[in-house]
Amino acid sequence: MSRRGDQVSRHRHRYGKRHGAGAPDGTGAAPAREGHAGWARLALLALLGSVLVPLVVAGLRSVFWILFGLAGLALTAAGVWWALAHTALVRVTGMVLSIAAPVTVLAVFAAYGMLWPAAVSLALWALAVLAARTALTPDDAGRAVAHAERPAVAPRHPWIVMNPRSGDGKVARFGLVEKARAAGARVTLLDPGQRQDVAELARRAVADGADLLAVAGGDGTQALVAEVAWRCDLPFAVVPAGTRNHFALDLGLDRDDPAAALDALADGVELRVDLGFAADRVFVNNASFGAYAAVVGDPAYRDDKTRTALRALPGLLSGDGAPRLRMRTPAVRLDGLQALLVSNNAYRRAVDLANPGRRERLDAGELGVLCVRIDNTARAAGALRGPSSAAVTRLTATEVVVETDPDPAPHPRTDSLPAAVDATAVPGSGTVPAGIDGEAVSLPTPVVCRIVPGALRVRVPRDRPGTPVSRPPADWPRVARIALAAGRGRPGRHARAG
């Protein structure tokens, strides 16, 4: 353990040197250069246009049309809430409302000639946001993972476990068993007809001399083998043969060509990535608590996800037995949560439609925390306000303590806490259902979630698609400063040259 602790300390030191200083605002992002001024000006012009178009067409009546559109969105959100959180007639009413509200808004806009101005205004707004985020993106964004690569010597005795049922049979479709053996790996194929201890299989492989552990399967199987690799200080490799392959995607692997990941055995590089822990369970993606964890724990979920979720959600969201959670970090405390997601590094925001459900990096040394409390129609409609809504809270932390809330109807609160979270100060209340990388488990409370920076040595192919560049959110004051500063800088340079 001391050897691994030294490695983690060195990684933490390197991370601090590499990312500690950046923008003057402390975000760690490099400042945008003058070459981005064109994008900043385009963003401001598009933003101005999105406001002027409805004003020119409808004058002050455009305020009414904006409010009418927002009301339609609020009714749509309310309808979705009724459809998810209730049954019988209320559910049917919610389904009808969630469809009728947007259709009615579009029909009224079209009838009064406001459909095309609204469409143009929204298009200009989307262009403004895209241009603003591009202007704020540093030139070297997306190179952080490449900087963390280390040369790697090809393993002599690689071992890989494959789940033939994962991804609707990707192992057989892509011939992964034959290709792995041709690459010199020893393959263990899981038997679909019996339950096997994957972690024990990995430990036996290490005892037999394996110097690399790999998985061709789902994220849950990957977490089990990753923990063995971490404890034995061995490199770990991922073959994206699962259904979603979130961890593989965030490592920059190609999920459409799982066999390409086997190139890591011959021509690979090594990355250091973080590992998350929920109590003593390792997760490579996330640990979920509350409503989602309860749905995942239903035995029928694997066979029919949609129907199982629709059947269970009313009782989990608005029923008397709906789960309520407490969450504590070193700085924040929230009560009365219906759902809580703790992730190994933070996910991008849901509004990033180009790359939803993706993480910008896996070596930031922080847990991502997503807290949800939508227990009535007003909160469902208020969730449209985004980050300012009380329904959804996003934050990052190095440690999170989770416990069931004994108060059936508490009010959420945020308080300042001491610098360190004392897990023993949170009274235990038995166990809490959890989903560890999609696998249903039950954990004793309080559950302490933590992150170990740079714990896992991951072997990936040298040639791989990589992770998409993540653009920061639109910060309009910064965009304006970039656009104006570049314009003021040019005369100064000419004057100095003269």
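## Strand E17 and its partners

In this predicted model, Glu399 stands opposite Arg450 in strand E17. The strand that E17 meets in this region is E14, and four bridges join the two, which run antiparallel. E17 also pairs with E6, again in the antiparallel sense, over 10 bridges. Within E17, Cys449 is the residue that stands opposite Ala278.

How much of E17 is buried? Of its 15 residues, 13 are buried, so the strand is largely enclosed by the rest of the structure.

The structure holds 12 salt bridges. One of them joins the side chains of Glu270 and Arg459, with an N to O distance of 3.3 Å. Glu270 belongs to strand E6 (residues 268-278) and Arg459 to strand E17 (residues 447-461), so this pair ties together parts that are 189 residues apart in sequence. Both Glu270 and Arg459 are buried. The two residues are also members of a network of salt bridges that links them with Asp233 and Arg457.

A salt bridge also forms between the side chains of Arg326 and Glu403, at 3.6 Å from N to O. Arg326 sits in strand E9 (residues 325-328) and Glu403 in strand E14 (residues 399-404), so parts 77 residues apart in sequence are tied together by the pair. Are the two residues buried or partly exposed? Arg326 counts as partly exposed because its relative accessibility is 25%, and Glu403 counts as buried because its value is 2%.

Glu200 forms a salt bridge with Arg204, and the closest N and O atoms are 3.5 Å apart. Both residues lie in helix H9 (residues 198-207), where they are four residues apart, about one turn of the helix. An α-helix has 3.6 residues a turn, so residues three or four places apart point the same way. Glu200 has a relative accessible area of 27%, which means that it is partly exposed.

## The E9-E10 hairpin

E9, the strand that holds Arg326, forms a hairpin with E10, with four residues between them. Three bridges join these strands, which run antiparallel. Leu325 has Leu337 in E10 as its bridge partner. Strand E10 (residues 333-337) is mostly covered, with four of its five residues buried.

## The six-stranded sheet

An open sheet is formed by six strands in the order E13-E12-E11-E8-E15-E16, with antiparallel pairing. Its edge strands are E13 (392-397) and E16 (439-444), each of which pairs on one side only. On average, neighbouring strands of this sheet are turned by 25° against each other, direction ignored.

Inside this order, strand E8 (residues 286-290) and strand E11 (residues 339-344) run antiparallel and are joined by five bridges. Phe289 stands opposite Leu340 in E11. Strands of a sheet pair through backbone hydrogen bonds, either parallel or antiparallel.

Helix H2 (residues 37-58) has 22 residues. From its first C-alpha to its last, H2 reaches 32 Å, close to the 32 Å expected at 1.5 Å a residue. Its buried residues are Ala37, Ala40, Ala43, Ala46, Gly49, Ser50, Val53, Pro54 and Ala58. Just after H2 comes Gly59, which takes a positive phi of about 65°.

Helix H3 (residues 61-85) has 25 residues, and its span between first and last C-alpha is 36 Å, close to the 36 Å expected at 1.5 Å a residue. The buried residues of H3 include the glycines Gly69, Gly72 and Gly79. Trp65 and Trp81 of H3 are buried too, as are Ser62 and Thr76. Among the buried alanines of this helix are Ala77, Ala78, Ala83 and Ala85.

## A nonpolar surface patch

Which residues make up the nonpolar patch on the surface? The patch is formed by Leu48, Val51, Leu52, Leu55, Val56, Val57, Trp116 and Val120, which together have about 720 Å² of accessible area. The elements that give two or more residues to this patch are H2 and helix H5 (115-136). H2 supplies the largest share, six residues.

Val120 lies in helix H5. With a relative accessible area of 34%, Val120 is partly exposed.

Terms used: Residues numbered from 1 in each chain as written. Predicted model: local features only at pLDDT ≥ 70, side-chain atom pairs only at ≥ 80, totals over all residues. Heavy atoms only, no water. Salt bridge = Lys/Arg side-chain N within 4 Å of Asp/Glu carboxyl O. Buried < 20%, exposed > 50% of the residue type's maximum accessible area, 1.4 Å probe, protein only. Expected span 1.5 Å × (residues − 1). Patch = residues over 30% accessible without salt bridge, like charges linked within 9 Å, V, L, I, M, F, W, Y side chains within 5 Å. Areas by Shrake-Rupley, 256 points an atom, 1.4 Å probe, with all protein chains shown as cover. Pairing = 2+ DSSP bridges. Axes fitted to C-alpha atoms, helices over the stretch in contact; angles between N-to-C directions.
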